[in-house]
Amino acid sequence: MSVALARRLAGQGIRDPRVLEAIARLDRGRFVPEAHRAEADLDQPLPIGFGQTISQPFVVAFMTERLELSGDERVLEIGTGSGYQTAVLAALARHVFSVEIVAPLAERAREVLLGELALPNVSLRTGDGALGWPDAAPFDRIVVTAATPRIPDALIAQLAPGGLLILPLGEPHGDQALRVIRRERTGALGSEDVLPVRFVPLTHGVAPKDGAP
Ligand code: SAH
């Protein structure tokens with residue numbers, strides 16, 4: 001349980017009671033390495049190995065809120081990482097498909113999400129998320145948790161009419177903005193930048209080198 005964390009996020013402007021409840025019910029400590037467990041309920045990103053981080057809870061909550069989930073959606077997540085955002089999404093959507101490029105992180109997330117938590121509505125895959133998940137497409141929602149200067153074509157192609165895509169857009173170590181893309185029922189695309197952010201880079205085709213801290 002992370003009740004104190006959810007309360008803090010409410011104080012920072014997260015309004016959706018379903019998002020706050022999902023965060024309160026979930027123990028973020030499960031998703032961080034043991035050395036950082038004591039910091040799990042703080043609103044900050046933490047290292048999870050391989051040069052990657054578990055996202056800051058405020059950003060997870062903010063992105064989830066912007067996805068406007070009603071409970072019936074099929075969601076694609078790119079960048080499983082620790083699996084924390086995956087678990088939050090799984091509490092609020094019909095099914096979450098999540099892709100991670102770093103195999104050991106994908107394995108660890110699989111143990112937590114499918115083993116320990118036994119979430120029935122999560123599917124995981126190891127590979128390049130820039131390609132999406134073609135055989136499960138289209139998706140009502142797509143969320144990318146790593147930054148890219150260009151929206152991968154495959155993700156736009158796999159977004160259902162009426163769907164939303166949210167991703168950090170910008171240079172890997174430079175300025176990035178969280179962009180929300182809406183595909184109208186007519187097929188037209190609209191977009192809006194909603195928050196300045198800092199995410200680790202979305203890699204294309206190659207996983208980051210093992211052994212990075
Ligand atoms: N939501 C995750 C964020 C992890 S950081 C969490 O809170 O734990 C972003 C993740 O994206 C990293 O684990 C990184 O390995 C992964 N990633 C980077 N490029 C990717 C790609 N092309 N396909 C899939 N995952 C990718």
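Guide: Let us begin with a term: helices (H or I, at least four residues) and strands (E, at least two) are DSSP runs, numbered from the N terminus. The protein has six helices and nine strands. This is a predicted model, in which local features need pLDDT of at least 70 and side-chain atom pairs count only at pLDDT 80 or more, while totals for chains, interfaces and linings use all residues. Residues are numbered from 1 along each chain as its sequence is written, and side-chain values use heavy atoms, with hydrogens and water left out.

Visitor: How many residues surround the ligand, and which are the closest?

Guide: The ligand is surrounded by 25 residues, where a residue counts as near if one of its heavy atoms lies within 4 Å. The closest are Ser-82, Glu-100, Asp-128, Gly-129 and Thr-203.

Visitor: What is the make-up of that shell around the ligand, in nonpolar, polar and charged residues?

Guide: Ten are nonpolar, twelve polar and three charged. Here Ala, Val, Leu, Ile, Met, Phe, Trp, Tyr, Cys and Pro count as nonpolar, Asp, Glu, Lys and Arg as charged, and the others, Gly among them, as polar.

Visitor: Which elements give two or more residues to the shell?

Guide: These are strand E2 (52-54), strand E3 (74-78) and strand E4 (95-100). The largest share, three residues, comes from E2.

Visitor: A change of topic: where is Pro-138 found?

Guide: Pro-138 is in the loop between strand E5 (122-126) and strand E6 (139-144). The peptide bond from Ala-137 to Pro-138 is cis, with omega near 0°.

Visitor: And what is phi of Phe-50?

Guide: Phi of Phe-50 is near 60°, a positive value in a residue other than glycine. Phe-50 lies in the loop between strand E1 (46-49) and E2. Glu-68, also not a glycine, has a positive phi of about 50°, and lies in the loop between helix H3 (57-66) and E3.
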